[in-house]
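Let's take a walk through this fold together, one piece at a time. Keep the structure open beside you as we go.

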Amino acid sequence: MANSNKPLLVTGAAGNLGRRVVELLLEAKAGPIIATTRSPEKLADFAKRGVEVRKADFNDPNSLKTAFAGAERLLLISTGDLFPEGARLRQHRAAVQAAVDAKVKHVIYTSAPSPYPTPAGSLINDHFWTEQALFASPLEWTILRHHLYTEFLLGTLSTALKFGQLTNSIGKAGVNYVTREDCARADAAALASSWSGRRVLDVTGPAPITQAELAKLASNLTGKPLLHVSVARADHAKLLEAAKLPPFLIDALLNFNEQGAHGYHYVAAPTVQALTGKGPTSVQEFLTANKAALTAS
Ligand SMILES: NC(=O)c1ccc[n+]([C@@H]2O[C@H](COP(=O)([O-])OP(=O)(O)OC[C@H]3O[C@@H](n4cnc5c(N)ncnc54)[C@H](OP(=O)(O)O)[C@@H]3O)[C@@H](O)[C@H]2O)c1
């Protein structure tokens, strides 16, 4: 990782991804580092290690001017506020404007695969319009389109193993899951680099895997039977509703399945290797290392 002497700022630094990025920057002695968060008290450990911790809430645009002051490069971590509809997009637009006002040179944004606008607000709509806000700004930027986190397969597969069925509406398309750890490594490297300009990069695992292959892999690792059952979106929706998930989450999951079925997640990009010098972790490697979590109750 490059050893910058210009201030590097990470937003949302108390989240899983943000914490890991800051940790990687500290390990690489990149920086100086500014970490912003809604909850500075959660980052007392980083403050002790020389990180400048500042309070920032994207719902409070006035707080962002001070929070972003002096940053040369800024990692804008998409927030977890999927509900109510439109809230996250307002937050991201406020953050982009604040980066412009604070004269940040380069923004790295954690986007999603193949973003597109939707008539009603949606998770992918947020990413599309946040990217557009960056495109329209005078900033330099690196859009890092994080593909689906491999970590989430642990919950999905452990539930599926209980029933012997992995039921979803992705069909036969491959999905190139990427670990959050590899995303954090790519984010940290892009932030600490001196690369200037404007680029869009997909952050993916090494190769796509189908749902049938995934079921077989989990079955082989645990010794339990597991088959992929492909259903239409409407039937998948009924199953998710029966599981009493909140409507915004059901919508997000169904859309991810539909995007996967359309091949939007069937992308293998060299980004992780190119930015970090080390290739991404495969689903097989990740599940093997976390085998115990697949059968944990
Ligand atoms: N690719 C995928 O499969 C996938 C899966 C899940 C999530 N994601 C996205 O990736 C992001 C990071 O993932 P994660 O695992 O680190 O999620 P997480 O642990 O749930 O963290 C949520 C993040 O949202 C930030 N946030 C929430 N409200 C905010 C506000 N009002 N102003 C500023 N920041 C706010 C939090 O920052 P503070 O708490 O520090 O303020 C934190 O960084 C998520 O927020 C989500 O957008 C991607």
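This is a predicted model: local features need pLDDT of at least 70, side-chain atom pairs count only at pLDDT 80 or more; totals for chains, interfaces and linings use all residues.

How does the radius of gyration look for 297 residues? A compact globule of that length would come out near 19 Å, and the chain has 19 Å, so the two agree. Along the principal axes, the C-alpha atoms fill a box of roughly 55 × 40 × 35 Å. Of the 297 residues, 43% count as buried. If you take the contacts with a separation of 6 or more, 77% of them come from residues 24 or more positions apart.

Strand 1 (residues 8-10), helix 1 (residues 16-27) and strand 2 make a right-handed β-α-β unit. Strands 1 and 2 run parallel and are joined by three bridges. On its other pairing, strand 2 is joined by four bridges to strand 3 (residues 52-55), again in parallel.

Is strand 2 mostly covered or mostly open? Mostly covered: five of its five residues, 33-37, are buried. In a regular strand the side chains alternate between the two faces of the sheet. You can see that here, with Ile33, Ala35 and Thr37 pointing one way and Ile34 and Thr36 the other, and all of them buried.

Thr37 also takes us to the ligand. Around the ligand there are 25 residues, and Thr37 is among those that come nearest, along with Gly12, Ala14, Gly15 and Leu17. Helix 1 gives the most to this shell, with three residues. Sorted by class, the shell has 14 polar, seven nonpolar and four charged residues.

Next, the loop between helix 1 and strand 2, which is worth a slow look. Most residues other than glycine have a negative phi, and most peptide bonds are trans. Lys29 sits in this loop and has a positive phi, near 55°. Lys29 counts as exposed because it has 11 other C-beta atoms within 10 Å. Pro32 is in that loop too, and a cis peptide bond with omega of about 10° joins Gly31 to Pro32.

Further along, there are counterparts to look up. Phe83 and Pro84 are joined by a cis peptide bond, with omega at about 0°, and Pro84 lies in the loop between strand 4 (73-76) and helix 4. With 13 other C-beta atoms within 10 Å, Lys103 is partly exposed.

Finish inside helix 4 (residues 87-101), where Val96 has its place. Why does Val96 count as buried? It has 25 C-beta neighbours inside 10 Å, and 20 or more is enough for that label. Setting aside neighbours within four places in sequence, Val96 is in contact with Thr130, Ala133, Leu134 and Ser137. Leu139 is 43 residues away along the chain, yet its C-alpha atom is 8.9 Å from that of Val96.

Definitions and conventions: Residues are numbered from 1 along each chain as its sequence is written. A residue is buried if 20 or more other C-beta atoms lie within 10 Å of its own, exposed if 12 or fewer, and partly exposed in between; C-beta atoms are placed from the backbone. Helices (H or I, at least four residues) and strands (E, at least two) are DSSP runs, numbered from the N terminus. Two strands pair if DSSP finds at least two bridges between them. A crossover is right-handed if, with the strands pointing away from the viewer, the path from the first strand over the helix to the second runs clockwise. A residue is near a molecule or strand if its C-beta atom, placed from the backbone, lies within 6 Å of it. Ala, Val, Leu, Ile, Met, Phe, Trp, Tyr, Cys and Pro count as nonpolar, Asp, Glu, Lys and Arg as charged, and the others, Gly among them, as polar. The radius of gyration is taken over C-alpha atoms; the globule rule is 2.2 Å times the number of residues to the power 0.38. Two residues are in contact if their C-beta atoms, placed from the backbone, lie within 7 Å.
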